[in-house]
Amino acid sequence: MRDDFSSFTGYDIARAIKNGDCSSEEICSFYLSRIKNIDSVLHSFVEVYHEPVGENGESSLSGVPIAIKDNICIEGRKITCASKILSSHISVYDATVIRKLKSAGLKIIGTTNMDEFAFGSSTENSCYGPTHNPWNTDCVPGGSSGGSAAAVAARLVPFALGSDTGGSIRQPASFCGVVGFKPTYGRVSRFGLVAFGSSLDQIGPITTNFVDCAHLLNIICGIDPYDSTSSRRPVPDFTRSLVPEIRGLKIGLPREYFGEGLDREVEGVLKEALMVFEKMGAEVYDVSLPHTEYAVAAYYIIAPSEASSNLQRFDGIKYGLRVASDDLLSLYKKTRDEGFGRESKRRIFLGTYSLSSGYYDAYYLRALKVRTLIKKDFDEVFKKVDVLFTPTSPVAAFKIGERIEDPLSMYLSDVYTISANLAGVCAVSFPCGFTKNGLPVGGQLIGRPFGEEDIIRAGFSFQTETDHHKRMPPLSLVTEEQKDKSWL
Amino acid sequence: MVDKKTVKYVANLARIGISDEEVEYLIPQLSRIISYIDKLKELDVSDVEPTRGATREENVLREDRVAGSSYRDKILNNSPLREDGYFKIPRVIE
């Protein structure tokens with residue numbers, strides 16, 4: 001019987017449980033204890049479930065604990081989206097992914113911090129305050145799934161779910177040195193995910209390795225009658241892609257992703273990572289995604305527009321916060337003014353503006369046409385290559401407070417992740433190395449629509465030749481003094 | 001382009017209350033963002049169809065059959081003010 005499971009993968013833990021080496025209860029206690037000792041420094045959890053939520057289901061991951069980003073509905077439990085406007089809301093039903101996790105026997109041990117309503121790239125926009133990066137607690141963990149990424153990196157939980165609309169799984173995974181996977185749009189049901197950008201959102205796994213990622217994808221993917229955008233495409237067994245064989249795999253390097261704006265040190269780490277793929281027999285090609293420079297602009301019209309519509313429901317009538325007023329209009333305005341944070345308001349204003357009469361054609365409709373051009377770029381490129389290799393983020397984790405007053409600079413840092421959401425393709429960020437200051441650097445593999453198998457195989461192969469994903473942040477148990485300052 | 005009048009107009013459409021200080025604070029930020037977004041005007045999209053979503057599914061229908069729902073009380077319990085099975089709101093009709 002082991003005492004320390006922190007170096008175990010989720011799959012290892014599941015096998016240990018099946019072999020009788022330990023019980024699910026012991027595993028959950030182990031992680032709950034780590035959360036108690038370490039999370040007061042990180043603030044990665046919004047709510048910890050001291051009685052884990054789950055059922056006795058059977059799967060390759062049964063009995064293993066998991067954390068859930070706080071924008072996914074768990075019946076009977078608080079869901080906040082890190083916003084004041086929802087701070088007292090109790091979910092009325094389980095999201096489809098939660099039902100699937102429960103049927104598979106996983107144990108939910110808590111909900112994780114995020115940027116409010118998933119608006120952000122740093123987890124600084126949470127009404128609960130920021131989450132700290134476990135590799136350097138002065139730095140952001142990335143966002144919006146920063147809580148999930150930080151918790152997995154610090155081994156407070158073997159894996160977690162996040163959501164990705166413009167990079168919100170992949171960028172925090174890159175900043176925290178873990179694997180963050182965004183499936184093809186339609187692979188995973190969005191039923192029970194609080195909608196931000198309905199044509200862009202996907203739920204996906206955040207893990208320390210590709211084995212766990214493949215097992216989790218098997219569990220959460222699949223058509224759902226409750227989500228009419230979920231795909232009829234059959235779900236393969238993704239674990240069959242866990243083979244260290246990539247000879248002949250055609251990897252494209254889009255030149256627009258390796259130019260100006262990319263930090264030289266990050267580029268250096270990725271160039272070395274590329275050599276691992278080449279050594280294993282992959283073929284590298286120079287390719288182009290010509291409309292890349294328009295992706296951020298198109299996204300920051302489309303996503304806020306969809307968000308402004310999706311967030312209309314938070315009006316003080318049906319959910320959480322209400323600021324009492326004499327008339328209905330004042331009730332709406334005061335509730336939404338008090339309940340939404342700054343970034344949420346900014347996005348709603350941008351979206352409302354883009355959709356308003358007189359501006360709709362010039363902004364929203366035009367952006368949808370540019371989206372077609374971006375999607376066509378990917379269709380073209382995947383005729384020549386199987387996967388693309390790119391940076392995930394132009395920089396490694398920045399300091400808390402560094403970019404929060406300059407929203408445009410925050411938006412521009414999404415440049416490498418955003419196109420995958422616009423085009424609906426699958427993409428994953430995985431640890432490729434570290435900066436000289438010890439901050440993780442993630443690389444991104446982008447696959448064709450429903451091409452998860454290729455990027456899983458490439459990433460898994462990479463991890464058989466490298467051990468960046470096994471390194472853990474130099475955290476130690478916090479002192480008694482720090483424990484008292486727990487904000488939970 | 002983005003002036004006080006525009007911000008107040010948009011805030012009203014969005015049903016979000018906004019103070020004069022917040023308007024002043026937002027004007028430069030929104031201006032910068034919207035100037036950046038204007039970049040899209042460089043492209044000729046006259047022959048391009050819009051892509052509204054990444055989904056390839058269309059007209060997904062189901063049978064028009066009532067499936068029971070026991071959510072009413074749970075939904076109402078989340079509302080700040082309720083009475084007799086209704087959401088309670090300020091008077092809207094004089």
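Because the model is predicted, local features are given only at pLDDT of at least 70 and side-chain atom pairs only at pLDDT 80 or more, while totals for chains, interfaces and linings use all residues. Residues are numbered from 1 along each chain as its sequence is written, chains are lettered from A, and side-chain values use heavy atoms, without hydrogens and water.

**Core**

The largest nonpolar core has 177 residues. A nonpolar core is a set of buried Ala, Val, Leu, Ile, Met, Phe, Trp, Tyr and Cys residues joined through side-chain atoms within 4.5 Å. Buried means under 20% relative accessible area, exposed over 50%, and partly exposed in between, with a 1.4 Å probe and protein chains only. The members that touch the most others are A:L101, A:F117, A:F277, A:F378 and A:F389. Beyond its neighbours within four places in sequence, A:F378 has contacts (heavy atoms within 4.5 Å) that include A:Y257, A:L289, A:L388 and A:I446.

**Helices**

Helices (H or I, at least four residues) and strands (E, at least two) are DSSP runs, numbered from the N terminus. In helix 6 of chain A, nine of the 11 residues are buried, among them A:F210, A:D212 and A:H215. A:N209 caps the N-terminal end of this helix, with a side-chain oxygen 2.9 Å from the backbone nitrogen of A:V211. Just after helix 6 of chain A, A:G222 takes a positive phi of about 140°.

Helix 8 of chain A covers residues 295–310 and reaches 22 Å from its first C-alpha to its last. That is close to the expected 22 Å, a span defined as 1.5 Å times one less than the number of residues. Since 15 of its 16 residues are buried, helix 8 of chain A is largely enclosed by the rest of the structure.

The axes of helix 7 (residues 264–279) and helix 14 (residues 452–465) of chain A come within 10 Å and cross at roughly 100°. Axes are lines fitted to C-alpha atoms, for helices over the stretch in contact, and angles run from 0 to 180 degrees between N-to-C directions. The two helices are therefore roughly perpendicular; angles of 65 to 115 degrees count as such, under 35 as roughly parallel, over 145 as roughly antiparallel and the rest as oblique. On the helix 7 side, A:A273, A:V276, A:F277 and A:K279 meet A:A458, A:F462 and A:E465 of helix 14.

| Residue | Relative accessible area | Polar partner and distance |
| A:D227 | 6% | A:T229 side chain, 2.6 Å |
| A:E343 | 6% | A:R346 side chain, 2.8 Å |

A:S393 sits in the loop between strand 9 (387–391) and helix 12 (407–412) of chain A, and its contacts outside four places in sequence include A:Q171, A:F175 and A:Y416. A:D227 is in the loop between helix 6 and strand 7 (250–254) of chain A.

A:E343 belongs to helix 10 (residues 342–355) of chain A. A:E343 and A:G120 are 223 residues apart in sequence, with their C-alpha atoms 7.5 Å apart.

Terms used:
A polar contact is a pair of N or O atoms within 3.5 Å; within protein, one must be able to donate a hydrogen and the other to accept it, and residues adjacent in sequence count only if both atoms are side-chain atoms.
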